[in-house]
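Here is a short briefing on one protein model. Look through the sequence and the structure first, then read the points below.

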Amino acid sequence: MKKLLSLVLVLTLAFSLAACSKTVAETTTAKADTTVAATTAKTDETAAATTAKTGAKLVVGVVQTNANESDWRTANTKSFNEAFAAAGFETKMVFGEGDHAKQISQAMQLIQEEVDYLVVLGLQSAGWEDVAKAAKEAGIPFIMADRKLDLTEDLYTAMVCSDFAAEGNKAVDWLKTQALDSYNIVVLGGDTGSSAQLGRSKAIEDGAKANGWTIVFNQNMKGWDETLAKQAVADLIASGTKFNVVYAENDNMARGACAAMDAAGITYGKTGDVKVIAFDANKWALQNVLDGKFNLDVECNPLHGPRIVELINKLAAGEAVEKNAYVKEEMFDTATITQAIVDARTY
Ligand code: GYE
């Protein structure tokens, strides 16, 4: 029956994929009504319990973005694999490799294969309704991790994500405290349409408007790519465009920008002419803050493995879960960073 249902839905998808784009709205709601989760858990729990009752290994399908997207993504993938293995789950992880449609068909394939849980990290926030409906029809709990997708609450079981708007606003507030004579900002955005890019970009765009700052360059780098970021900044420098702030939406792109400035003899960081803002806060990047190369690094924590294991175990046990969980995150600048913080970093 489950196989027939998902087959029907895959066919429907074939017809609806073309029409799947939707404008994206970022939400920053906090805790949702757990009963919603409880009810949903009930249905899912039946599926999960049955599986649990048979004692068969829980099979978790993970629709990941790109294998080598960034140091953050590498840590994120490792966290899933290690935590799921330790929990005794069988992991089926697939990578979209920059292709949204590929992620959609991969997710449908996992539903076809009757995974017990489906965890999705979307390259794009929009266009997941059909997959979510197919999972629901098949009784497979749909979990969003890292990036919130553009789905109504009835179409997913729970989420553990980062609040990208809040991350961006932390950077904007920090920039305000710098009281620069002028603000000429270079924005190096992440993958277009991902909730990480949308949240972080909207924050700096709104912040610039509100504070009368100038964004002299604003482009998204496919795949959050360090080399593309380096080339973009090198071209900007060669064009003679003046800037004194680099707002790089992840550590790797910030490092790319610094390499371009090094090549042009432009100073940056704690004692330099250009303020460098990054996101993710990988260990090597925090070392750059400590060394005064990056001025600010806004944390985005990739260690979702244990969080999703806890969530799945609760669902499998029929326990209520928090529907919309946001990861607690910090920020580190040259005034607050310490060697101890760097040493304690696990990714
Ligand atoms: O900032 C970037 C990664 O989704 C939060 O994706 C994540 C972003 C992260 O590739 O480095």
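**Pocket, cavities, helices and rings**

Strand E5 (158-161), helix H11 (305-316) and strand E11 (324-326) each give at least two residues to the lining of the largest pocket. Helices (H or I, at least four residues) and strands (E, at least two) are DSSP runs, numbered from the N terminus. This is a predicted model: local features need pLDDT of at least 70, side-chain atom pairs count only at pLDDT 80 or more, and totals for chains, interfaces and linings use all residues. Residues are numbered from 1 along each chain as its sequence is written, and side-chain values use heavy atoms, with hydrogens and water left out.

**The largest pocket**

- A pocket is an open set of points on a 1 Å grid over the protein atoms alone, with protein on both sides within 12 Å along at least five of seven lines; lining residues have an atom within 4 Å of a point.
- The volume of the largest pocket is about 260 Å³. A volume is the space filled by probe spheres set on the points, which are joined across faces, edges and corners.
- H11 supplies the largest share of the lining, 4 residues.
- The lining includes Met159, Arg307, Glu310 and Tyr326.
- By type, the lining has 7 nonpolar, no polar and 5 charged residues. Ala, Val, Leu, Ile, Met, Phe, Trp, Tyr, Cys and Pro count as nonpolar, Asp, Glu, Lys and Arg as charged, and the others, Gly among them, as polar.

**Cavities**

- A cavity is a set of grid points where a 1.4 Å probe fits but cannot get out.
- The structure holds 2 cavities of 30 Å³ or more.
- The largest cavity has a volume of about 90 Å³.
- Its lining has 13 residues; Trp72, Arg73, Arg147, Trp224 and Asp280 lie nearest the centre.
- That lining divides into 5 nonpolar, 2 polar and 6 charged residues.

**Aromatic rings**

- Rings of Phe, Tyr and Trp (its six-membered ring) pair if their centres lie within 6.5 Å; planes under 30 degrees apart count as stacked, over 60 as edge-to-face and the rest as tilted.
- The count comes to 5 aromatic pairs.
- The ring centres of Tyr247 and Phe279 are 5.2 Å apart and their planes are at 70°, so this pair is edge-to-face.
- The pair links distant parts of the chain: Tyr247 is in strand E8 (residues 245-248) and Phe279 in strand E9 (residues 275-280), 32 residues apart.
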